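Work through these exercises with the model open beside you. Try each task before you read its solution.

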Amino acid sequence: MGQKAIYNFNAAPEKVDFTLHATIEAICSDILNVAGADAKKNGISADVLMQQNRSWVLSRLSVELDRLPEQYEEYNVATWVNPHTSRFISTRNFELSDVNGNTFGRALSQWCVIDFVRRMPVVLEEVEGLFDPDYYCDEQSPCEAPRKVRGVEPAVTRKHEVRYSDIDFNRHVNTMRYIRMMLNTLPIEYLTEPRPLRLDIHFAKECHLGEVLTIGYEQRDNVSLFEIRNGEDAVACTAAIEWR
C-alpha cells in the first residue's frame, strides 16, 4: 500500500492579507497544488490525461482549519489517496501541520475524470495507472466528507464577468477564483479576526470565458452560504463557511 506524501510550504507575503495571516484562498491553493504535484509524481496528472483528451476535475472539497499560518511561517501538507469506493469519484485527503508536527488543518477532496469530447465523467477503471496498489493508502480521511449545500437564499448578490485570469488549464473557472468571489462578498468583519472554520464547496456546472456570473451570499447564524450562477442562470457552484 502507498504512503503519505509530504510537501513543504511557507506563508510568503503574497499569501497573506492585512491580518498577516495566510488567506483561506492561499491555503486552499496549496492543498490543490499538492494534489497536482502528487498526481504528477505518480504519472496520472492532468497533463498526462490530456494526451487522451481527458482531465481531472474537482467535484467537491471540504477544508477544516483550526488556525491560519502567520506570515513567513513554514508548514507541511501531507496527502494520500484512499482506495476507490465509487466508479467515478477518487478521494484524496490532506493534513496540514506546523514544523513541530502539530496538526492545524485537514481536507478531503473528491475528483472525477472528464472526457473532453463528451464532457462526461469517465469510469475510473478506464484510466490507466489509477489502480496501482502502491498508490493507495488505507488511512482514513481526517476530515468529514463534503456536506451538501442547498436552499441558499441570497440577501446580497454581485456580478462578475469571467476573464483571462479566471481560467485554468481546463479552460473553465479556477477553483481559487470561485473562493475569491465568495470571500469578496463577505462583510470585512468576518475576515478581520482569523478564526477556526470549515469550508464546503460543491461544483455543479462549468463556467467559461465571457460569462457573467452572479454571486449570491446569505448569512445564517455562524454559517456563510454562497451560490454562484452561470450566464444561463443555472447553479454552477454552492459553498458554505462555518465560522467556529
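## Exercise 1: A residue in a strand

Leaving out neighbours up to four places away in sequence, Thr214 is in contact with Thr157, Arg158, Lys159, Glu227, Ile228 and Arg229. Keep in mind that this model is predicted.

**Task.** Where is the place of Thr214, and is Thr214 buried or exposed?

**Solution.** 
Step 1. Find the element. Thr214 sits in strand β9.
Step 2. Check the accessibility. The relative accessible area of Thr214 is 18%. Buried means under 20%, so Thr214 is buried.
Step 3. Look at the side chain. The side chains of Thr214 and Lys159 are joined by a polar contact of 2.7 Å.

## Exercise 2: The partners of β9

**Task.** Which strands pair with β9, and how many bridges does each pairing have?

**Solution.** 
Step 1. Take strand β7, residues 156-161. Strand β7 runs antiparallel to β9, residues 212-220, and six bridges join them.
Step 2. Take strand β10, residues 223-229. Seven bridges pair β10 with β9, again in the antiparallel sense.
Step 3. Ile215 is the bridge partner of Arg158. Ile215 also stands opposite Ile228 in β10.
Step 4. Look at the turn. Two residues lie between β9 and β10, which form a hairpin. In that turn, Asp221 has a positive phi of about 55 degrees.

## Exercise 3: An enclosed helix

**Task.** Why is helix α3 described as largely enclosed by the rest of the structure?

**Solution.** 
Step 1. Count the buried residues. Helix α3 spans residues 175-183, and seven of its nine residues are buried.
Step 2. Name them: Thr175, Met176, Tyr178, Ile179, Met181, Met182 and Leu183.
Step 3. Conclude. Because seven of nine are buried, α3 is largely enclosed by the rest of the structure.
Step 4. Look at the start of α3. There, a side-chain oxygen of Asn174 comes within 2.7 Å of the backbone nitrogen of Met176.

## Exercise 4: Cysteines without a bond

**Task.** How many disulfides does the structure hold?

**Solution.** 
Step 1. Give the count. The structure holds zero disulfides.
Step 2. Check burial. Cys112 is buried at 10% relative accessible area. Cys237 is buried at 0%.

## Exercise 5: The largest pocket

**Task.** What is the volume of the largest pocket, and which residues lie nearest its centre?

**Solution.** 
Step 1. Give the volume. The largest pocket has about 950 Å³.
Step 2. Describe the lining. The lining has 40 residues, and Trp56, Val57, Leu58, Asn170 and His172 lie nearest the centre.
Step 3. Name the elements. Those that give two or more residues to this lining are α1, β2, β4, β5 and α3.
Step 4. Find the largest share. α1 supplies it, with six residues.

## Exercise 6: Residues in loops

**Solution.** 
Step 1. Locate Pro13. It lies in the loop between β1 and α1. At 38% relative accessibility, Pro13 is partly exposed.
Step 2. Pro13 touches Gln71 and Tyr72.
Step 3. Locate Arg195. It lies in the loop between α4 and β8. Arg195 is partly exposed, at 29%.
Step 4. List its contacts in that way too. Arg195 touches Tyr190, Trp243 and Arg244. The C-alpha atoms of Arg195 and Arg244 are separated by 6.8 Å.

Key:
Residues are numbered from 1 along each chain as its sequence is written. This is a predicted model: local features need pLDDT of at least 70, side-chain atom pairs count only at pLDDT 80 or more; totals for chains, interfaces and linings use all residues. Side-chain values use heavy atoms; hydrogens and water are left out. Two strands pair if DSSP finds at least two bridges between them. Helices (H or I, at least four residues) and strands (E, at least two) are DSSP runs, numbered from the N terminus. Buried means under 20% relative accessible area, exposed over 50%, partly exposed in between (1.4 Å probe, protein chains only). Contact means heavy atoms within 4.5 Å. A polar contact is a pair of N or O atoms within 3.5 Å; within protein, one must be able to donate a hydrogen and the other to accept it, and residues adjacent in sequence count only if both atoms are side-chain atoms. A disulfide is a pair of cysteine sulfur atoms within 2.5 Å. On a 1 Å grid over the protein atoms alone, a cavity is a set of points where a 1.4 Å probe fits but cannot get out, and a pocket is an open set with protein on both sides within 12 Å along at least five of seven lines; lining residues have an atom within 4 Å of a point. Grid points are joined across faces, edges and corners, and a volume is the space filled by probe spheres set on the points.
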